[in-house]
Structure formats: structure tokens, C-alpha cells
Amino acid sequence: MTAKGVESTTAPDHATGTHMVDVFLRPAFLSEVECAELRAEMDVVPHVEGGVRETDRPDTDRIDRSGRSAFDCEVSEHTIESIAQRICRVAPQITEHFDQALAEYETPHFVVYGPGDFYRAHRDLYTDVVVPEPISRRRLSVAIFLNDGRDLNDEDEPGRAEAMDGYGGGRLRLCSHEEHEFGARDAWNVPARQGLLVAFRADTWHEVTPITVGRRYTIVALLLAPKT
């Protein structure tokens, strides 16, 4: 699996496969200080267990620990609006890259994954399923990393990732939007770097692998097409 359209000064890792993952990467979208401030706020605000939206129940989220284990952080309205405005500033570049007309966004979510947390392979838009507004207008998914993912091995000392404000596991893995199901063998690992923004098509298969150590802090948002 390869990635195309990467805005990066370093080449990403590539996995073998026949399909390309269409992504937009913006390194240092948020500064180190901004990421630290957001993590601090996420640590002290209330946490709500994150839900999933199944294809057979497209109008509501529900708790499904077999499909997702993570927590949404109830940050301030000011923080939500600030991040939404930042995403809007880079939206023209994202729009140009994917050649998509965009008009709105779903409210950004601030998500924490702890040890054992994960999100099974899924899409943010299933093109063969009838869904209500505004889900039907989802076109692009955005994720922002607020700390580094560490490639820890069995010899790493316990607590090392936390001490470095990083985490082990928790890889965001993207697969082709052209396939009917997630193909682990063909998935591409997004380089989890603090401050990185990654955007991809909402119908792209993706997953978050289980966290092995530390806490993974991210922001996720959906960009929407205009109403017809």
C-alpha cells in the first residue's frame, strides 16, 4: 500500500499492496506548546465513553466495546471553536487536494485512548448505506495527533512512553476506499507525530490498533459537502 498526495518533508513508510491511500498530511499543524495545552485540558475535563455508529442503525451512536474503546473529552466551547477555525484555515488546501466541494464540518471530537483502547476497522461513510443528514454529506475525515506514537519493543521499560508524553500501539492504519472491506495486509500506518494533521476520504477503511502503553490524544473531525 502506498500513499499519495503527501505534504511532508520525509517519505512515509510504505506497505505492500495494490491500491493507493489518498491522504493529505500537514506536519506541525499544531505547535508543541498548543498540543501540550490541549492534552492538559483533556486530562481535567469530564470524559464520556465513545460510541460507534453501525450501518444497521445509522441514525444514532451506541456503546459497543467490541468495536471501540475510547473516551471523548468534554473540552470548552472556546477550545472546540478555536480548533474548528484552525481546520477551516487549511480547508482550501484540503479541498484542492481531494477536488471536493466542502461547506461545513461536524463538531470536532477530542479523544483519548488508554492502554487496551482501540477502534476496529470501519468507514466514516458507507456509500452503500442510506444514512440521514448530515452523515450523508461526509466527504473527508480529519485526525490531528496531539502526542507522538512510539514504536516500543519488549525491552522498553514500563512508563517510558508516558514519561516522553508518547504512547505505544494505537496506530492509525488506512486502507483503500475502493475496497469492500478492510485489508490489514494492505493497510498503511500514518506516521503518528505530535501536531500532525492527516485528512483522508470519509469512505476510506481505517482502524486504530490497541494501545499498549501510555495515552493517545487526538482530535477528529468530518468535513461535509454542500447541501443539495
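How many salt bridges does the structure hold? The count comes to nine, where a salt bridge is a side-chain nitrogen of Lys or Arg within 4 Å of a carboxyl oxygen of Asp or Glu. The model is a predicted one, in which local features need pLDDT of at least 70 and side-chain atom pairs count only at pLDDT 80 or more, while totals for chains, interfaces and linings use all residues. Residues are numbered from 1 along each chain as its sequence is written, and side-chain values use heavy atoms, with hydrogens and water left out.

One of the bridges pairs D22 with R201, at 3.0 Å from N to O. It links distant parts of the chain: D22 sits in strand β2 (residues 20–26) and R201 in strand β14 (residues 197–201), 179 residues apart. Helices (H or I, at least four residues) and strands (E, at least two) are DSSP runs, numbered from the N terminus. Both D22 and R201 are buried; buried means under 20% relative accessible area, exposed over 50%, and partly exposed in between (1.4 Å probe, protein chains only).

Then there's helix α1. R86 and E34 meet in a salt bridge at 2.8 Å, N to O, with R86 in helix α2 (residues 77–98) and E34 in helix α1 (residues 32–44), 52 residues apart. E34 is partly exposed, at a relative accessible area of 27%.

D43 pairs with R215, their closest N and O atoms 3.2 Å apart. D43 lies in helix α1 and R215 in the loop between β16 (211–214) and β17 (216–224), so this bridge ties together parts 172 residues apart in sequence. D43 is partly exposed at 41% relative accessible area, and R215 is partly exposed at 33%.
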